[in-house]
Amino acid sequence: MFILPAIAGFGILTIVPIVLSLVISFTDWNFLDGLKGLRFIGLRNFVEMWSDKWFVDSLLNNLLFAAVTVPATIVLSLLAAIGLNKGVYLKSPIRLMIFMPYVSNIVAISIVWGTLYNPTMGPINSFLRTVGVDDPPGWLASSAWALPAIMIMTIWANVGYNMIIYLAGLQGISKDLYEAAKIDGAGPARSFFRITLPMLSPTTFFVMITSIIHSFQVFIAVFVMTKGGPGSSTTVLTYYSYRTGFDFYKMGYSSAMAWILFLIIFLITFLQWQGQKRWVHY
């Protein structure tokens, strides 16, 4: 009785739409025509998308986005956690400052960073000009720099959350291990690679899985800052799927792309679960 409302809400708002999206992915449906517009076309959506330049570009952008943001976020989060885990002044305010972007509204963050990236009046390019850069990047107005600009903002926004996770992992490592290593003559570097990293491997495994999933679900930053442009330089699968369904009214094609995204995330996560046996130490 107590869990029934939660189960009912999850079923109606999550499970049912997932099942319906799978059914719709095998159709050619303009939802403005209602249910009478449903036309079954089999696997055509799944086949034709691979010859769609926008879909291929979106997939490549997603893969590049994940390949850059996930390692960078993990490394910076770990370094920040190690620094804060040691004796530093103002530890709590610094930790709060690093964590604050993660809990801030992503729309507001995207608007602020869009202003910072302004190629003519933005503070970033103004600073670059003062240090001698005559031709600073166009950032969001440049097809070469728009995606890296969103990557930088995403890394900055996500470091705080992963840092908190790593801090919890570091505080769970017994001090006896470091003391024993010090007695055996191990220096800071050796202790880091032989004790800290192996003992943090379950934490790293969790952070890696969640970061990869989030990197493939990036949407709001692209929607607010670039609308997928210039051209297709910042178009990712979630944004292209959204536009296909709600701007072009091709809901079947949009659902098919959503399921391809699900399969990609599922495959990457499955491979990570299989590979954890080699490097994760519990």
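This is a short walk through one predicted protein model, from its overall make-up to a few single residues.

Two ground rules. Residues are numbered from 1 along each chain as its sequence is written. In this predicted model, local features need pLDDT of at least 70, side-chain atom pairs count only at pLDDT 80 or more, totals for chains, interfaces and linings use all residues, and side-chain values use heavy atoms, with hydrogens and water left out.

Let's start with the whole protein. How many helices and strands does the protein have? There are 13 helices and zero strands. Both are DSSP runs numbered from the N terminus: helices are H or I with at least four residues, and strands are E with at least two. Reading from the N terminus, the order is α-α-α-α-α-α-α-α-α-α-α-α-α. The C-alpha atoms fill a box of roughly 75 × 60 × 40 Å along the principal axes.

Now burial. Of the 282 residues, 39% are buried. Buried means under 20% relative accessible area, exposed means over 50%, and partly exposed is in between, with a 1.4 Å probe and protein chains only.

Next, contacts. A contact means heavy atoms within 4.5 Å. Take the contacts between residues at least 6 apart in sequence: 67% of them join residues at least 24 apart.

On to a helix pair. Helix α3 covers residues 53-85, and helix α10 covers residues 201-216. Their axes come within 9 Å and cross at roughly 145°. Axes here are lines fitted to C-alpha atoms, for helices over the stretch in contact, and angles run from 0 to 180 degrees between N-to-C directions. Which hand does the crossing of α3 and α10 have, left or right? The crossing is right-handed. A crossing is right-handed if the near helix is turned clockwise from the far one by less than a right angle, and left-handed if anticlockwise.

Who makes that contact? From α3, the residues include Asn 62, Leu 63, Phe 65 and Ala 66. From α10, they include Val 207, Met 208, Ser 211 and Ile 212. The residues of the contact divide into nine nonpolar, four polar and no charged.

Helix α4, residues 91-103, has 13 residues and should span 18 Å at 1.5 Å a residue. The expected span is 1.5 Å times one less than the number of residues. The end C-alpha atoms of α4 are 19 Å apart, which agrees. Where does α4 bend? At Met 97, by about 25°, and a proline, Pro 101, follows within four residues.

Is Trp 259 buried or exposed? Trp 259 counts as buried because its relative accessibility is 17%. Beyond neighbours within four places in sequence, Trp 259 is in contact with Ile 18, Ser 21, Leu 22 and Phe 46. Asn 125 is 134 residues from Trp 259 in sequence, and 40 Å from it in space, C-alpha to C-alpha.

Now the loops. Ile 41 is in the loop between α1 and α2. Ile 41 is buried, at 14% relative accessible area. Setting aside neighbours within four places, Ile 41 touches Phe 26, Thr 27 and Asp 28. Ile 41 and Ala 258 are 217 residues apart in sequence, yet 17 Å apart in space, C-alpha to C-alpha.

The loop between α11 and α12 holds Ser 232. Ser 232 counts as buried, at 15% relative accessibility. What does Ser 232 touch, not counting residues up to four places away in sequence? Lys 53, Trp 54, Asp 57 and Asn 61.

Pro 230 lies in the loop between α11 and α12 too. A cis peptide bond joins Gly 229 and Pro 230, with omega about -5°. Lys 227 is also placed there. Lys 227 is not a glycine, although its phi is positive, about 55°. Lys 227 is partly exposed, at 46%.

Last stop: Tyr 249, in the loop between α12 and α13. Phi of Tyr 249 is positive, near 60°. At 33% relative accessible area, Tyr 249 is partly exposed.

Conventions
Nonpolar A, V, L, I, M, F, W, Y, C, P; charged D, E, K, R; others polar. Bend = angle between axes of the 7 residues up to and from the residue.
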